[in-house]
There are 2 protein chains.
Amino acid sequence: MQENKKIPLSEPYFFGEEKKTLTDCINSGWVTTSGKYINLLKNKIRLLTKTKYVSLLVNCTSALQLAIRSLNPNQDDEILVPSMTFIASVNAIFYNNCKPIFLDCDEDYLLDFSKTREFISKNTFKKNGYIFNKKTKKRIIALIIVHAFGNCVKMDNKLINFFRKNKIKIIEDAAGSLGSYTKLQNKIKHAGSVGDIGCISFNGNKIITSGGGGAVITNNKEIYNKINYLSNQAKDDILNYKHDEIGYNMRMSNLNAAVGYSQLNKLKLIIKKKREINYNYYKNLSKTPGLKILRENENSYSNYWINILRVNSKEYGRTKNDLIKFLSSKGVEVRSIWYPNHLQKAFINNQKDKTVISEDLFKSSICLPSSYSLTKKEILYISKLITSYAKKN
Amino acid sequence: MQENKKIPLSEPYFFGEEKKTLTDCINSGWVTTSGKYINLLKNKIRLLTKTKYVSLLVNCTSALQLAIRSLNPNQDDEILVPSMTFIASVNAIFYNNCKPIFLDCDEDYLLDFSKTREFISKNTFKKNGYIFNKKTKKRIIALIIVHAFGNCVKMDNKLINFFRKNKIKIIEDAAGSLGSYTKLQNKIKHAGSVGDIGCISFNGNKIITSGGGGAVITNNKEIYNKINYLSNQAKDDILNYKHDEIGYNMRMSNLNAAVGYSQLNKLKLIIKKKREINYNYYKNLSKTPGLKILRENENSYSNYWINILRVNSKEYGRTKNDLIKFLSSKGVEVRSIWYPNHLQKAFINNQKDKTVISEDLFKSSICLPSSYSLTKKEILYISKLITSYAKKN
């Protein structure tokens, strides 16, 4: 039965309310960048993330771009970023004519704060209240923290305070982490709400979708105002079309907000199911030698929007690529995790620091089907395919 | 009666089909960057514009950005652009780290080809098959032609051929000109289909809307492929997340395409009404000394998405700003036309060439309410307000 049906990697699920809110949009005549659902979605995100300000944008790439732009970077300023992230986090740096410094992650695919601390102490110096890179003599203006695959980074409060004191802003790429939480000094914080700016995605493959969309969350009014201004073509005098800065056309439409709002109403339900899916994969796969399903770390409450399987090819007897080919041939849509960005053709000449774990993880990890609609039976089917494919020595 | 009701500048109109196509999207599960309506809208635009390739994007700003990016510009390459345009045309140049050279427009708010020809012959030189700017010694790689306010530029075929031979690509900003046509050597061509790349907007204030959205039209397969590749994060190996270039997240969602498709089905009807609105303004206002409603030129079939009133303040006895204030106070939403871009704070240090008409037009022109829903009675009401406000000497 299952073999004729393709099991998708991560598809959205609609509960029905979306049709009502969309119809309401059309009836109201408000479909573009103003309207009821823009405000409803904003407020709901504010309440969920416990942040003061939310800006809704066309996607999370734009959120990351404007997050950096709101810091008023100079050309060739540098930004610390984990190599293990979707390319949008790095592209956003280049859109702003800044340069990345690639950092490594830990075994949880998350920024390694101890390596970051070491990089800062060995490779930078202070001058005029800023931190500079010894190698390039360029200023470091931000750190991007990526809460990868729904899991939250274990925050290093001391290092965060050091960054705060030294004008290194913290941007959290929480693209896939809506509904995920982290601990900071025993306080439970929503992903993206710890640093200066958080960026969230509502792309179709994420925990909830708005068709296309993203959000910036922040407690900093100045940053919020700047992002609003920039996302709306930097209008200084609307009646006369005067714009004092180079702005962008990046606001979310009310249509997309309507879908996002309806979906957000179901977030608890979705996360409950996603956590069950993760547990079932874990239960089915963890006894097979060489297989490891990513679980939340002790500091993280994960939304588990996507499941990551790590393959130790010596123990499992098959490589990651073997397994991808095998599962694909069986109609199970799987993918590699992100290619380390320090190896991407466009970024290869940029500075990197001990990015060995990122490379190891890439060689061994794949994304498994994780849609809300995935049944226990399908998880069992996929799990059996994987365990039976192990090559006994 | 009318005085209590605000008459909007340009609001979208929905016919009902939008609700059906949106519901269909949700039922199908396809809401992001794939789906039936993406293809339906693409095909419909291809047929309408008689172009080979259509790429659907999040908005027209993105269309302009990728149009330039698809030419593989070098840093500081220069692009000719009329000063009289919405700021997005110029921002798109800066997003690509290129520089604008501002040109003037004619009395129809459209690029003045004779001044452009003069600029080329006096201020540029040829080298290695390219045209260079004498003043800056930088290469000129493109000309942006703006079909402003639905009206089409009178194309200068000779100059276009000269540009073609000298590797200056022609990008048409047809943001507001869906359904507008121009003549080229006695052939009727849709706005945006004459040059190498045309850019169309489906913003809420345009002739039709998709909530938010834009399109690139072209007959050049290489440009089309490049824009598709770049708009989808430059994916070279999807399974392994390898990206060889810095890409962008700019594709239109199926949701937005569904609305755009429904609206495009009504384009003929909308344009018929828009042309009536223009004629009624013309009829009501043209007898008053000092007032002139913009009409299509002999080479243009205009969609009249928005109406432009030019005020000769000596003859009319009131300035443009007086009239804007007066109409606003009466609940009639009006705006200035675009501020000339060579005067914008962010662009003031860039090169300009004889941009006097652009400045004159800005000082004297306003946009009048032009929505599809505007009634004859409302047009009469607005017209009477305007004519009665004339100050007799």
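## Terms and the values behind them

Mentor: B:Tyr304 has its place in the loop between β13 and β14 (307–311) of chain B, where the helices (H or I, at least four residues) and strands (E, at least two) are DSSP runs numbered from the N terminus. The model is a predicted one, in which local features need pLDDT of at least 70 and side-chain atom pairs count only at pLDDT 80 or more, while totals for chains, interfaces and linings use all residues. Residues are numbered from 1 along each chain as its sequence is written, and chains are lettered from A and ligands numbered from 1 in the order in which they are written.

Trainee: Why is B:Tyr304 called buried?

Mentor: A residue is buried if 20 or more other C-beta atoms lie within 10 Å of its own, exposed if 12 or fewer, and partly exposed in between, with C-beta atoms placed from the backbone. B:Tyr304 has 29 other C-beta atoms within 10 Å and is therefore buried. Its phi is positive, about 45°, although B:Tyr304 is not a glycine.

Trainee: What makes B:Lys167 partly exposed?

Mentor: B:Lys167 has 15 other C-beta atoms within 10 Å, which places it in the partly exposed class. B:Lys167 lies in the loop between α6 (157–165) and β7 (169–173) of chain B, and it too is a non-glycine residue with a positive phi, here of about 55°.

Trainee: How do you know whether A:Lys189 is buried or exposed?

Mentor: The count for A:Lys189 is 20 other C-beta atoms within 10 Å, so it is buried. A:Lys189 is found in strand β9 (residues 187–190) of chain A. Two residues are in contact if their C-beta atoms, placed from the backbone, lie within 7 Å, and beyond its neighbours within four places in sequence A:Lys189 is in contact with A:Tyr181, A:Thr182, A:Leu184 and A:Val194.

Trainee: What makes strand β14 (residues 307–311) of chain A largely enclosed by the rest of the structure?

Mentor: Five of the five residues of β14(A) are buried, and the strand is therefore largely enclosed.

Trainee: Which strand does β14(A) pair with over three bridges, and which over four?

Mentor: Two strands pair if DSSP finds at least two bridges between them. Strand β12 (residues 291–293) of chain A pairs with β14(A) in the antiparallel sense over three bridges, and A:Lys292 stands opposite A:Arg310. Four bridges join β14(A) to strand β16 (residues 365–368) of chain A, again antiparallel; in β16(A), A:Ile366 is the bridge partner of A:Leu309, and A:Cys367 is that of A:Ile308.

Trainee: Why do β12 and β15 (335–336) of chain A count as standing at the edges?

Mentor: The open sheet of four strands has the order β12-β14-β16-β15 in chain A, with antiparallel pairing. β12 and β15 of chain A each have a single partner strand, so one side of each is left without a neighbour in the sheet. Helix α9 (residues 267–285) of chain A packs on this sheet, touching β12, β14 and β16 of chain A. Helix α12 (residues 356–364) of chain A also packs on the sheet, touching β14, β15 and β16 of chain A.

Trainee: Which strands stand at the edges of the open sheet of three strands in chain B, and why?

Mentor: The order of that sheet is β9-β8-β13 (chain B), with antiparallel pairing. β9 (187–190) and β13 (300–301) of chain B each have a single partner strand and therefore stand at the edges. Strand β8 (residues 181–184) of chain B is joined to β13(B) by two bridges, with B:Tyr181 opposite B:Tyr301.

Trainee: Why are α2(B) and α8(B) called oblique to each other?

Mentor: Axes are lines fitted to C-alpha atoms, for helices over the stretch in contact, and angles run from 0 to 180 degrees between N-to-C directions. Angles under 35 degrees count as roughly parallel, over 145 as roughly antiparallel, 65 to 115 as roughly perpendicular and the rest as oblique. Helix α2 (residues 36–49) of chain B and helix α8 (residues 254–264) of chain B pack at an angle of about 40°, with their axes 8 Å apart, and are therefore oblique. Among the residues that meet are B:Tyr37 and B:Leu41 in α2(B) and B:Ala257 and B:Tyr261 in α8(B).
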